Amino acid sequence: MTPDDATLMAYADGELDPLAAKRVEQALAADPALARTVEAHRALRARMAVAYPAAPTPAGDPLAARIAAPATVVPFTPRVVPRTTRPRWRQVAAMAACLVVGVAVGTQWQSGPVTAKHGALIAAGPLARALDTRLAATTGETRMLLSFRGRDGRPCRVFAAPAVDGIACHNADDWSLVRTRSAAGGGRGAYRQAGSADATLMAEAQEMIAGEPLSREQEAAAVVQGWR
Amino acid sequence: MAAFENELVAVLPRLRRFARSLSRDAADAEDLCQVAVEKALKARDQWQPGTRMDSWMYRIMRNAWIDTARARRRAAQTFVAEAAGAGVGIDGAQDIARHVARGEVDAAMQRLPDEQREAVALVLVEGLAYKEAAMVLDIPMGTLTSRLVRGRQALIAQLGEAA
């Protein structure tokens with residue numbers, strides 16, 4: 001029986017069991033046209049290997065760096081968010097929404113991570129400590145995703161805490177929560193990934209940032225100097 | 001670095017190659033790679049240490065590619081419809097220039113239907129066994145071999161017997 005093209009292909013790829021391969025070999029010996037088909041399949045494989053080489057990853061490759069330190073590296077093709085002049089009422093509405101989240105978090109966590117001072121939300125307890133001392137890309141309940149200097153000169157940090165995610169900016173001696181977002185998203189597992197900051201938060205950080213995010217060294221220095 | 005990151009970096013050259021064989025050009029391939037890596041970092045909990053990182057990543061990348069390919073096709077259709085509506089002919093010159101600039105193999109791969117191209121890419125470019133490729137694509141072995149044989153026949157016909 002003449003083997004069909006799928007069988008010849010499988011033979012060329014070494015995918016046949018010994019018995020089936022034997023049968024193909026007998027057919028090949030009898031028919032040079034079949035042998036040519038097998039040759040064509042092998043030649044194609046060789047040509048594909050030449051056309052698509054696997055080049056070693058170059059040193060300093062941004063994608064490799066991204067994998068190595070997901071949270072400290074600047075996101076790819078930083079999104080240029082035009083500074084829009086939003087109507088004043090929308091800003092007020094956004095602030096009110098933040099406050100609602102903050103208050104909800106506050107009541108949920110009586111001795112928790114958020115207090116209010118002069119009508120502004122201030123990080124407290126474990127969140128304040130984490131903001132003071134944690135470096136980005138370290139694991140734990142509260143994680144820092146990105147540190148940067150805002151346009152107003154204050155050092156700011158994007159964080160993910162158990163009950164709330166947000167952006168905090170450092171004042172003289174405490175952290176204002178300038179953006180908050182309740183950490184919904186159901187459960188820790190899938191949610192608590194390095195670099196999985198809420199896209200909206202990251203976009204907001206992008207809007208506030210002056211220059212580049214802090215490098216790991218700059219961040220470590222800021223921790224030592226108390227975020228002055 | 002943890003095992004996960006190490007393994008992911010280790011498969012990067014193969015991921016880039018796979019992306020290259022699926023995508024239209026180098027820029028699209030690099031975009032696809034970045035998307036796949038982002039997805040992998042987000043889904044790292046789902047990767048089980050001790051299992052194969054390459055198969056897992058091929059699957060992620062393939063799914064990302066299907067998504068973007070679909071979106072692109074929709075965009076292309078919109079464009080064609082608008083151009084036709086306006087009575088403007090489609091200018092094929094750019095397309096042709098791209099085909100010439102690209103390798104012959106690349107051009108032939110681009111002409112394959114997606115389902116044949118991904119089968120060819122996994123088996124002929126990535127060197128996966130049929131069984132592994134069928135698992136990455138989530139299709140039965142018979143489907144894999146029939147797509148593979150049709151894809152290869154088309155490539156051989158376009159590139160010549162001696163390939």
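Figure 1. Chain B as a whole averages a pLDDT of 83, and 80% of its residues score at least 70. Residues 80-91 of chain B also fall below 50, with three contacts beyond near neighbours in sequence. Where pLDDT is low, the predicted coordinates should not be read in detail. This is a predicted model, in which local features need pLDDT of at least 70 and side-chain atom pairs count only at pLDDT 80 or more, while totals for chains, interfaces and linings use all residues. Residues are numbered from 1 along each chain as its sequence is written, with chains lettered from A and ligands numbered from 1 in the order in which they are written.

**Figure 2. Chain A meets chain B.** The model scores ipTM 0.80 and pTM 0.55. Here 33 residues from chain A and 36 residues from chain B take part in the contact. On the side of chain A that touches chain B, the elements giving two or more residues are α1 (5-12), α3 (32-51) and α4 (62-68); helices (H or I, at least four residues) and strands (E, at least two) are DSSP runs, numbered from the N terminus. Which of them gives the most? That is α3(A), with nine residues. By class, this side of chain A has 21 nonpolar, six polar and six charged residues (Ala, Val, Leu, Ile, Met, Phe, Trp, Tyr, Cys and Pro count as nonpolar, Asp, Glu, Lys and Arg as charged, and the others, Gly among them, as polar).

**Figure 3. Two helices cross in chain B.** Helix α6(B), residues 114-125, packs against helix α8(B), residues 141-159, at an angle of about 90°, with the axes 8 Å apart. Axes are lines fitted to C-alpha atoms, for helices over the stretch in contact, and angles run from 0 to 180 degrees between N-to-C directions. The two helices are therefore roughly perpendicular (65 to 115 degrees; under 35 is roughly parallel, over 145 roughly antiparallel and the rest oblique). Among the residues that meet are B:Val120 and B:Val123 in α6(B), and B:Leu148 and B:Leu155 in α8(B). The contact has six nonpolar, two polar and five charged residues.

**Figure 4. Strand β4 of chain A sits inside.** All six residues of β4(A), 155-160, are buried, so the strand is largely enclosed by the rest of the structure. A residue is buried if 20 or more other C-beta atoms lie within 10 Å of its own, exposed if 12 or fewer, and partly exposed in between, with C-beta atoms placed from the backbone. A:Pro155, A:Arg157 and A:Phe159 point one way, and A:Cys156, A:Val158 and A:Ala160 the other. A:Pro155 is the bridge partner of A:Arg149, while A:Phe159 stands opposite A:Gly166 in β5(A).

Figure 5. A:Trp227, not a glycine, has a positive phi of about 55° and is found in the segment after α8 (216-224) of chain A. Is A:Trp227 buried or exposed? A:Trp227 is buried, with 21 other C-beta atoms within 10 Å. B:Asp138 has a phi near 60° and lies in the loop between α7 (130-137) and α8 of chain B. B:Asp138 is exposed, with 10 other C-beta atoms within 10 Å.

Definitions and conventions:
Contact = placed C-beta atoms within 7 Å. pLDDT = per-residue confidence, 0-100. Pairing = 2+ DSSP bridges.
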